[in-house]
Amino acid sequence: MACLSLSQLQKFKEDGFLVLEGFLSADECVAMQQRIGEIVAKMDVPLHCLTEFSTDEEEQLRAQCISDYFLNSGDKIRFFFEKGVFDKKGNFLVPPEKSINKIGHALHAHDPVFKSVTHSPKVQALARSMGLQMPVVVQSMYIFKLSRPSSVPPPLRILPNPLWK
């Protein structure tokens with residue numbers, strides 16, 4: 001199973017993250033990609049829930065932290081969109097499947113494909129090898145890195161949630 005080496009554990013302790021190339025099998029990756037395609041194809045988001053995701057701290061605090069749709073997404077599967085993909089009436093300016101920034105935050109709890117990967121024996125073994133006593137999956141996301149012809153996507157920045165204080 002997934003046991004970390006001492007050097008991997010040290011790297012994780014120093015950096016706060018660890019890249020595990022090949023941790024998920026090709027079949028697991030394909031299953032999640034196919035499932036996310038099905039979820040997107042069935043996406044039906046009410047106009048008042050069309051939340052644009054931003055990695056800019058001020059924009060994030062201003063827009064997302066006052067949005068019930070965002071703030072109450074921890075136990076649901078919700079859609080968050082790229083900036084500039086809607087017109088003033090909330091209609092898509094680009095195909096919906098090319099408008100999504102991420103889907104979160106409870107794929108691990110509500111979708112069987114993501115649940116099976118998240119709670120698989122190898123993920124449990126990985127958590128144990130990290131020394132975690134009682135790990136809890138708090139959230140899960142599928143992050144889209146859609147290419148835009150005229151721009152390079154910014155690196156992912158995880159900003160502190162004001163509710164964590």
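Student: Which residues of the largest nonpolar core touch the most other members?
Tutor: I36, V45, F79, F81, I100 and I103 do, out of 23 residues in that core. Keep in mind that the model is predicted.

Student: Which elements supply at least two residues each?
Tutor: Helices α2 (26-41), α4 (68-71) and α6 (112-118) do, along with strands β1 and β2. Helix α2 gives the most, with four residues.

Student: Back to I36. What is it in contact with, leaving aside neighbours within four places in sequence?
Tutor: I103, L107, F114, Y142 and F144.

Student: Now the strands. How do β1 and β2 pair, parallel or antiparallel?
Tutor: Antiparallel, over five bridges. Strand β1 covers residues 77-81, and β2 covers 100-105.

Student: And which residue in β2 is the bridge partner of F81?
Tutor: I100. Both F81 and I100 are among the core residues that touch the most other members.

Student: How many residues of β1 are buried?
Tutor: Four of its five, so the strand is mostly covered; buried means under 20% relative accessible area.

Student: What about the whole protein, how much counts as buried?
Tutor: 33% of the 165 residues. The accessible surface comes to about 11,100 Å², and 58% of that belongs to carbon and sulfur atoms.

Student: What's the secondary structure overall?
Tutor: Seven helices and three strands. Along the sequence the pattern reads α-α-α-α-β-β-α-α-α-β.

Student: Last one. What share of the contacts with a separation of 6 or more comes from residues 24 or more positions apart?
Tutor: 68%.

How values were computed:
Residues are numbered from 1 along each chain as its sequence is written. This is a predicted model: local features need pLDDT of at least 70, side-chain atom pairs count only at pLDDT 80 or more; totals for chains, interfaces and linings use all residues. Side-chain values use heavy atoms; hydrogens and water are left out. Buried means under 20% relative accessible area, exposed over 50%, partly exposed in between (1.4 Å probe, protein chains only). Contact means heavy atoms within 4.5 Å. Accessible areas come from the Shrake-Rupley method with a 1.4 Å probe; for residues, only the protein chains shown count as cover. Two strands pair if DSSP finds at least two bridges between them. A nonpolar core is a set of buried Ala, Val, Leu, Ile, Met, Phe, Trp, Tyr and Cys residues joined through side-chain atoms within 4.5 Å.
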